[in-house]
Amino acid sequence: MSMLFIENLDWREKLSELEIPISVENDPLFLHCLEILKSGGRIGISDGLKIYNSPNFPGLCALADLIKQSRFSKNIFFNENLHVNTTNICVLACRFCAFRKGPRHADAYELSIAEFLHRIAPYADIIDEVHSVGGLHPRWTVEHYVNLYKEIKDKYPHIHVKSLTAVEIKHISSRSGLSVYDTLKSLKEAGLNSIPGGGAEILVDSVRDRICRGKENSAEYLEIHGIAHSLDIPSNCTMLFGTVETVGERLIHLDKLRKIQDETSGFQCFVPYPFLPDKTRLPEAQLATTSEIVRVIAISRIMLDNISHIKAYRMNIGDYVATLSIKSGADDIDGTVGHEEIMHEAGSKTRLDFNKNELSNLVKSCNLKPIKRNSIYTKFEEIFPLQSNSITMPLLNQEMSQ
Ligand code: SF4
């Protein structure tokens, strides 16, 4: 991969050079927010609520897009990765989760290390990242994951291992009688390169009590990511919205993330995604509309001034909403993925056979520039997509999916 111009760190200055969209220019509230950002300020929860709830939806999207353009111009990022879930057996039963199974369920599984490596094999020459999360297994300790990561690195040293949500790390450390710090240190030495952001849900404990009682609380989620950052393990952060939370609670969530980021600078990317209801146990969920998903993407870009990347996670929101999102503040559409269970069990219909050319064509269809990245956003390659979608990723056998 070659080095390209990627991120403008003086993006606030760049904001002053870009043409202000009419929907922003004609609205005093949005102009006020733009001025705050240009002068080095931060959009607080109060102004955030006003612009989120504003009838000027085009203004919200245009302001977010202006910030995205000031940071990344027309660049939109993706990577070539593979998702492999370790197990769907979980000792918890979060009400929004369609993925977990009890240990005696007919569809429960736990991959052996050999089976995990077998999953990677057909993709090994294409991907440079394996993304792996799973349930909270009742028996596995840190030793299982240390052995797994060592074997992956031994066989596929070029593959970046992005693995384990905060609650998995908490569970493994408790099962192993170790501190979170010592657990992460051992996992890093074995080959863990970064941590995905899953499990943040909404970082307000009264909401967590209703949708995922028993999971780590808000402070623990943030603390575990902070400990990872102190060990130079970068991570992503997420938000599951559209269950029982208020808009204000979504913005409190964003505010908590940026406060931790002020201290650690360890979050690479923020990934907001809406609740999908199939096979879940949350009949009172509100279910986000398309415009609400785009609103959340836009407000995330506007408020999270210290997290570089905002992801439109197409596995959850689908390709159409992803194209709306990359014109409304998002700069990343995740990766090729290849195999996905968590969102597809809950109702996602997003195709799993996209290769880099198809992802590039998706980005190009929005008149934006597709850039292939590595997992930690340090290497980049501009992709000039083919007109034909003739090359496809190899498909795994589907015995565990859907
Ligand atoms: S969301 Fe994670 S912790 Fe909760 S039940 Fe599902 S697999 Fe288990």
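Me: Which strands does helix α12 lie across, and how should I read the angle given for the helix?

Reply: In this predicted model, helix α12, residues 247–264, lies across β5 and β6. The angle is taken between N-to-C directions on a scale from 0 to 180 degrees, and helix α12 runs at about 170° to β5.

Me: What order do the strands of that open sheet take, and in which sense do they pair?

Reply: Strands of a sheet pair through backbone hydrogen bonds, and the pairing may be parallel or antiparallel. Here 3 strands form an open sheet in the order β5-β6-β7, and their pairing is parallel. The edge strands, each pairing on one side only, are β5 (235–241) and β7 (309–310). Between β5 and strand β6, which spans residues 267–274, the parallel pairing extends over 7 bridges, and S235 has F267 in β6 as its bridge partner.

Me: How many strands are in the open sheet that contains β1, and which helix lies across β1, β8 and β9?

Reply: That open sheet has 4 strands in the order β8-β1-β9-β10, and its pairing is mixed. At its edges are β8 (332–335) and β10 (380–382), each of which pairs on one side only, while the twist from one strand to the next averages 30°. Strand β1 (residues 75–79) and strand β9 (residues 369–373) pair in the parallel sense over 4 bridges, with F77 standing opposite I371 in β9. The helix is α16, residues 356–364, which lies across β1, β8 and β9 and runs at about 145° to β9.

Me: Into which domains is the protein chain divided, and how many residues does each give to the contact?

Reply: The chain is divided into domain 1 (11–70) and domain 2 (73–382), whose C-alpha centres lie 28 Å apart. The contact takes 19 residues from domain 1 and 19 residues from domain 2. On the side of domain 1 that touches domain 2, the elements giving two or more residues are α3 (28–38), α4 (45–53) and α5 (57–72), and α5 gives the most, with 9 residues. By class, this side of domain 1 has 13 nonpolar, 3 polar and 3 charged residues.

Me: Which residues surround the ligand, and what classes do they belong to?

Reply: The ligand is surrounded by C90, L92, A93, C94, C97, F99, R100, G135, L136, V167, C212 and K215. Sorted by class, this shell has 9 nonpolar, 1 polar and 2 charged residues.

Definitions and conventions
Residues numbered from 1 in each chain as written. Predicted model: local features only at pLDDT ≥ 70, side-chain atom pairs only at ≥ 80, totals over all residues. Near = placed C-beta within 6 Å. Nonpolar A, V, L, I, M, F, W, Y, C, P; charged D, E, K, R; others polar. Pairing = 2+ DSSP bridges. Contact = placed C-beta atoms within 7 Å. Domains from an automatic or database assignment.
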